[in-house]
Amino acid sequence: ELLRVHTPDYLERLRQPKMLGQYLESGFVALMPASATDAGILRPFRYATGGTLLAARLAMRHGIAINLGGGYHHAEPDCGGGFCVYADMPIAIRAMQAEGLVRRALVVDLDVHQGNGTARCIAADDDVFTFDMHEEDIYPFPKEKNDLDVPLPAGTDDQTYIRLLSEHLPNVFERAKPDIVFLQAGVDVLEGDPLANFRLTPEGTVERDRRVFDEAVRRNLSLIHI
């Protein structure tokens, strides 16, 4: 399943603590023995990645499913970054396509950081549409190109964010024509997050997710919340 997206060389490099520490931005991980990093770090990442695939299958059966882990949208086919090592959403999409469960997919990425890894993993697939609202002046640099990017300035608040999201969502769903929707619902949009500068409130963040849920339910589409 991992090889549907990641290169064999990259998966082998993940077994090197020094490389893994680089992707996770942790000097401590770089000093750990390889057996410890696989059991204590990579295995939990694989479970969380498998959780996204399981959630996708359950969403097709029940309409909506949630994975409390996952959302590793900085992982690319041949490298990690931004605390991400496995590209769980592209992996789930590729598996579902291979199993004939879906053909078209939509990724709605509302984490404050752009999902550069997701964009790279599925850039060549016209059956996958990526919509990404993010802060324009923070990691990653350079930005990748999604099907629709909405870069926003530091200080964006509830009112501005919800207005723009509501303007774009109907058109995004129409363009994507998906069989399944993946919502990357990062909460680093909240005011006070140490790695970003948006000013959303908890209530605004809930409303953000509700707008995506409502759009999917209105169209009778399966949705995975990550």
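Me: Under which cut-offs does a residue count as buried, exposed or partly exposed, and where does asparagine 197 fall in this predicted model?
Reply: Buried means under 20% relative accessible area, exposed means over 50%, and partly exposed is in between. Asparagine 197 has a relative accessible area of 38%.

Me: Where is asparagine 197, and which residues does it touch once sequence neighbours up to four places away are left out?
Reply: Asparagine 197 is in the loop between strand 5 and helix 8. Its C-alpha atom is separated by 8.6 Å from that of valine 112, 85 residues away along the chain. Leaving out residues up to four places away in sequence, asparagine 197 touches Glu135, Ile138, Ala154, Gly155 and Thr156.

Me: Over to helix 7: what span should its 19 residues give, and how far apart are its end C-alpha atoms?
Reply: Helix 7 runs over residues 158-176, and at 1.5 Å a residue it should span 27 Å. The model agrees with that, as the end C-alpha atoms are 26 Å apart.

Me: What do the buried residues of helix 7 pack against?
Reply: The buried set includes Tyr161, Leu165, Val172 and Phe173. These buried residues pack against strand 2 (105-109), strand 3 (128-135), strand 4 (148-152), strand 5 (180-184) and helix 8 (202-218).

Me: Is helix 7 roughly parallel or roughly antiparallel to helix 8, and what is the handedness of the crossing?
Reply: The two axes come within 10 Å and cross at roughly 15°. Angles under 35 degrees count as roughly parallel, so helix 7 is roughly parallel to helix 8. On the helix 7 side the contact residues include Ile162, Ser166 and Pro170, and on the helix 8 side Gly204, Arg208 and Val212 are among them. The crossing is right-handed.

Me: How many of the 11 residues of helix 5 are buried, and what do they pack against?
Reply: Helix 5 (residues 88-98) is mostly covered, with 9 of its 11 residues buried. Among them are Met89, Ile91, Ile93 and Met96. The buried residues pack against helix 4 (34-62), strand 2, helix 6 (116-121), strand 3 and strand 5.

Me: Which residues with positive phi follow helix 5 and helix 7?
Reply: After helix 5 comes a residue with phi near 75°, and that one is glycine 100. After helix 7, the residue with phi near 45° is lysine 177.

Methods: Residues are numbered from 1 along each chain as its sequence is written. This is a predicted model: local features need pLDDT of at least 70, side-chain atom pairs count only at pLDDT 80 or more; totals for chains, interfaces and linings use all residues. Side-chain values use heavy atoms; hydrogens and water are left out. Helices (H or I, at least four residues) and strands (E, at least two) are DSSP runs, numbered from the N terminus. The expected span of a helix is 1.5 Å times one less than its number of residues. Buried means under 20% relative accessible area, exposed over 50%, partly exposed in between (1.4 Å probe, protein chains only). Contact means heavy atoms within 4.5 Å. Axes are lines fitted to C-alpha atoms, for helices over the stretch in contact, and angles run from 0 to 180 degrees between N-to-C directions. Angles under 35 degrees count as roughly parallel, over 145 as roughly antiparallel, 65 to 115 as roughly perpendicular and the rest as oblique. A crossing is left-handed if the near helix is turned anticlockwise from the far one by less than a right angle, and right-handed if clockwise.
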